[in-house]
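I opened the notebook to look up salt bridges first.

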Amino acid sequence: MQAYLPLRKTCLKSKQDILQTERILIMPEYKKVGYLTTDFKMFHLKDEEMRSFHYHYHDFHKILILLNGDVTYCIEGRSYDLKKNDIVLVHAGEVHKPVIHSDAVYDRIIIYVSPDFLTYYKDSESDLSMCFQKAFEEKSHVLRVHSFGNSRLGAVTKDLDASLADSDFAHKLHHKLLFLEFLIQLNRAAGHNKIEFIETSASSEKILSILNYLNEHLTESISIDDLSSRFYLSRYYLMHTFKKQTGYSIGSYLSTKRLLLAKELILSGKPITDVCYECGFKNYSTFSRAYKKCFGESPRDLRQSTFNH
């Protein structure tokens, strides 16, 4: 099973933040985009001109609702041809990007949500992250609601979008309540099988198997030769195909996933030196440099800011 990493709270500073060897221990070729300092943040974005996007990731969950556009969404080796009102779920730490195919207006709602926010409302009777879990079980990232415009989920989405312009009494609280209702309706639809989890339009089963293997053995020593032998692929074909279908190298993928895991372990209180070696790094200096380059602060800075308050 693929090891998704539960990540901590990390608000977007501006719209621009959204729109921006043998042994494998090299730095990522793609970037963490956006910053979240609140429980959730929502945007309604519209691109009038065709543009390209780079692969990126977040350390919080992302929900995208397509309102218009000719778009394929690529996530962790899977590609999805989207239709109007499709809901895309991107788990924290997953590398992804949209591919725009025409000059059609790319209109979408984007919501960033902290995993801690979902955990806060979890109890024995309800779990607002269920839709993410079910999507994982269905091996899909895209939810398609039939008759979305006539559904309660569609109505709540419309109200939630309208609340972005609300400045009346208690508008922030109202916005939060609407977002909670959106999550409830989304999970109800998923739980009652009123949602179709669409299949990928293009993906390589071999690459998906490699991605699963990498996540299952994230903290182990892995080499290109190991993977080449295990999956019966030449070194060149393995590296070339992985890069072509995912947008990043095997080394970049492993390094980022290990660093995301390291961040979570540090936040849980585990000693930094132990985290370094448990996450597959051979020495602390390499780990510390990679961590600071990825997150903009050292592991010790994170620990001090977290536990000295």
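I searched the whole structure for salt bridges and got ten. I counted a salt bridge when a side-chain nitrogen of Lys or Arg is within 4 Å of a carboxyl oxygen of Asp or Glu. This is a predicted model, where local features need pLDDT of at least 70, side-chain atom pairs count only at pLDDT 80 or more, and totals for chains, interfaces and linings use all residues. Residues are numbered from 1 along each chain as its sequence is written, and side-chain values use heavy atoms, with hydrogens and water left out.

I looked up D39 and K176: their side chains form a salt bridge at 3.9 Å, N to O. D39 sits in the loop between β1 (31–32) and β2 (40–47), and K176 in helix α5 (residues 171–191), so the pair ties together parts 137 residues apart in sequence. (Helices are DSSP runs of H or I, at least four residues; strands are runs of E, at least two; both are numbered from the N terminus.)

Next I took E181 and R152, whose closest N and O atoms are 2.4 Å apart in a salt bridge. E181 lies in helix α5 and R152 in helix α4 (residues 152–162), so this pair links parts 29 residues apart in sequence.

Then I checked D225 with R235, a salt bridge at 3.0 Å between the closest N and O atoms. D225 is in helix α7 (residues 224–230) and R235 in helix α8 (residues 235–246), so parts ten residues apart in sequence are tied together. I also noted one network, in which salt bridges with shared partners join D47, R51 and R108.

Last, I turned to strand β10 (residues 142–145): V142 and R144 point one way, L143 and V145 the other, and all are buried. Buried means under 20% relative accessible area, exposed over 50%, partly exposed in between (1.4 Å probe, protein chains only).
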